Amino acid sequence: MMSSPAGLRRTTRSATTFFLLLPGLVVLAGMFILPVAQLVIDSFSDPAGALVHYQRIAVVPVYLLVLARTFLISAITAALCLLLGFPIAYRLAHSGPRVKAIILLCIFLSFWTNLLVRAFSWMVLLNPNGIFSQALAFIGLGDQIKLVYNTTGVLIGQTQILLPYMILPLAAVMSRVDPTLMNAARSLGASPTRAFLAVYIPLVKSGALAGSVLVFALSLGSFVIPALLGGPRDMFLAQLIEFNINNTLNLPFASALATVLLAATIVLYWIGDRWFGLGQVWGGR
Amino acid sequence: MPRGAAIEIRDLTKRYGDVKAIDAVSLTVAEGEFVTLLGLSGSGKSTTLMAVAGFVDPDGGAIAISGSDVTTLPPEKRNLGVVFQNYALFPHLNVFDNIAFPLRMRRHAESEIDTQVRRVLDLVSLRDLSARRITELSGGQQQRVALARALVFSPPVLLMDEPLGALDRQLREQLQIEIRRIHRQLGVTVLYVTHDQEEALSMSDRIAIMADGRIQQLGTPHEVYMQPSNRFVAGFFGESNFLDVAVERAGDNPVLRPKGLRDITLHAALRRPLSGDRFLAMVRPEAIEIGDSRDPAFENNLPGTVEQQDFLGATQRLTVKTGAGSVAVRMSRLANAAALPAGAPVWLKWRAGETAVFDAQD
């Protein structure tokens, strides 16, 4: 039997890796995978038939409406994050260490602040007596534009909360773009705008898609922001699930709604990984 | 294909903070000429090249191409081919689309693009690789694609920034020959940057040796090698022997007296007037021949004793102790070094034309 020292070392190393990962894997399996599996099974285990809850989701208009609104607002949130996050990510990726540190500090300060605190802060800032509404009133738009307890409030809150998830993967991809490529494009006759469109954009497209998929998927499961900053028409799927758990006590139906959300998220990540190389962006292979 | 255009650089200066990256550099490159900027990193050679390309905004001076001032023109309007140090190929495009890029930017018709791309692919012998991804190419192939891309729009000037720096020696020599062939074939003016003295000597019509942001010497490879204008330039091209000398008689054929030797005089052929009071005479190790007595056929004769022998493969080096200091002599591998053991008395002899003299302060 052939057994090279290198091969032996590789086996030892993979064994070490396995044992180091084991505690984490046990916790993940016991506290996440098993309960989620139980939840999925529950959603299919009604005495009246396996698919009875899913039929209800498909037939009763309000559930599909909430599902559609959740997807729509999440998609708009992702688009807004891309629009706002792109220039910030560009600065983060291509600036000197000082500017980089300042941008990262801003991102992480917001990251480290409790979600509820941020939601309540937005309520204070956006309510009709808050500074933004006052400012709008000052320029004569105070009565036309309501900033909170409606879709606008949800979009403002969602965008602010999820912006870092756009900026970080996008900046990671941007910082890998060799700056001499832009010079090369210029030397070959491209104006700065054309160089940007023909070289830079194609090279950072994967990061933009990664960020968009991430923001969209995270937004799908949001609860706090739509509950606090949205109006009755802006209910997200997560609020519907909570309602079925706490108010109607219909746990199997809540499980079915949660399974739909889970499936949508998994499909999204799969598409992202399969066609847009999300795994590469996040450091996998 | 149009002939090359002349480049005129006048008093070009660029400061980064307090440091002058280039300091009043002036250089004229004739149409179709191959000029190399040679220097160590930080000597200002790349800054000069990038200023010509339009990526470095000079603080002073002017750059003209074909007689028209381009100092403030953006890079995309200068119509120059640039080959970057790490090729700067676009990773999202294949070989064909990389090379077609400058033609697409100029909105050429697709049929014309196809013809031109095939022409330069043939020129760099990459005909079969047009559909390859950049990541599937070897370093040498990437370098050829970069060259093809910089030439496809027939620029009158080609700027190359250490284009062979990342390649191994054998490939480098092969590509040196190809770049020279392409230069001859197209007649394009080339401004080339390298830190490799052999590369500069073998490829260039003229070499500008740079240090501290200035051109130390500008001349043909023969001139800068045989008649370096200062110690830095002499030291740049391989090994050299320096002898402290006093000038006994100035003029076109000065007579030099080595410090510490009373009855020996040395002779040099000089093109520059001498000024200052301490001088260095320089002679290359391979210019010296070994004899067993004073030889009137040579202008310069210097006695000494053999100190050490080193076998170097193609050549062997003899270190000879003389009254003016140690002198290295490089002999053919075929020379009979066995007859010259350590301690053997010898006479070193060389021509006046092989002796350069310069101010020791420079």
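Please keep in mind that the model is predicted. Helix H3 of chain A covers residues 61–94, while strand S3 of chain B covers residues 34–38.

**Helix H3 of chain A**
- With 34 residues at 1.5 Å a residue, H3(A) should span 50 Å, and its end C-alpha atoms are 48 Å apart, which agrees.
- At Gly85(A) the helix H3(A) bends by about 40°, and a proline, Pro87(A), follows within four residues.
- Gly85(A) is also buried, and other buried residues of H3(A) include Val66(A), Ile73(A), Cys81(A), Phe86(A) and Leu92(A).
- The cover over the buried residues of H3(A) includes helices H4 (97–112), H7 (151–174), H9 (192–220) and H11 (237–246) of chain A.

**Where the two chains meet**
- Chain A brings 15 residues to the contact and chain B brings 17 residues.
- On the side of chain A that touches chain B, helix H8 (180–187) and H9 of chain A are the elements that give two or more residues.
- H8(A) supplies the largest share of that side, six residues.
- Sorted by class, this side of chain A has seven nonpolar, five polar and three charged residues.

**Strand S3 of chain B**
- Five of the five residues of S3(B) are buried, so the strand is largely enclosed by the rest of the structure.
- Phe34(B), Thr36(B) and Leu38(B) are buried on one side, and Val35(B) and Leu37(B) on the other.
- S3(B) pairs with strand S8 (residues 189–194) of chain B in the parallel sense over five bridges, and here Thr36(B) stands opposite Tyr192(B).
- S3(B) also runs parallel to strand S9 (residues 206–211) of chain B, joined by four bridges, with Ile209(B) as the bridge partner of Leu38(B).

How values were computed
Residues are numbered from 1 along each chain as its sequence is written. Chains are lettered from A and ligands numbered from 1 in the order in which they are written. This is a predicted model: local features need pLDDT of at least 70, side-chain atom pairs count only at pLDDT 80 or more; totals for chains, interfaces and linings use all residues. The expected span of a helix is 1.5 Å times one less than its number of residues. The bend at a residue is the angle between axes fitted to the seven residues ending there and the seven starting there. A residue is buried if 20 or more other C-beta atoms lie within 10 Å of its own, exposed if 12 or fewer, and partly exposed in between; C-beta atoms are placed from the backbone. Two residues are in contact if their C-beta atoms, placed from the backbone, lie within 7 Å. Ala, Val, Leu, Ile, Met, Phe, Trp, Tyr, Cys and Pro count as nonpolar, Asp, Glu, Lys and Arg as charged, and the others, Gly among them, as polar. Two strands pair if DSSP finds at least two bridges between them.
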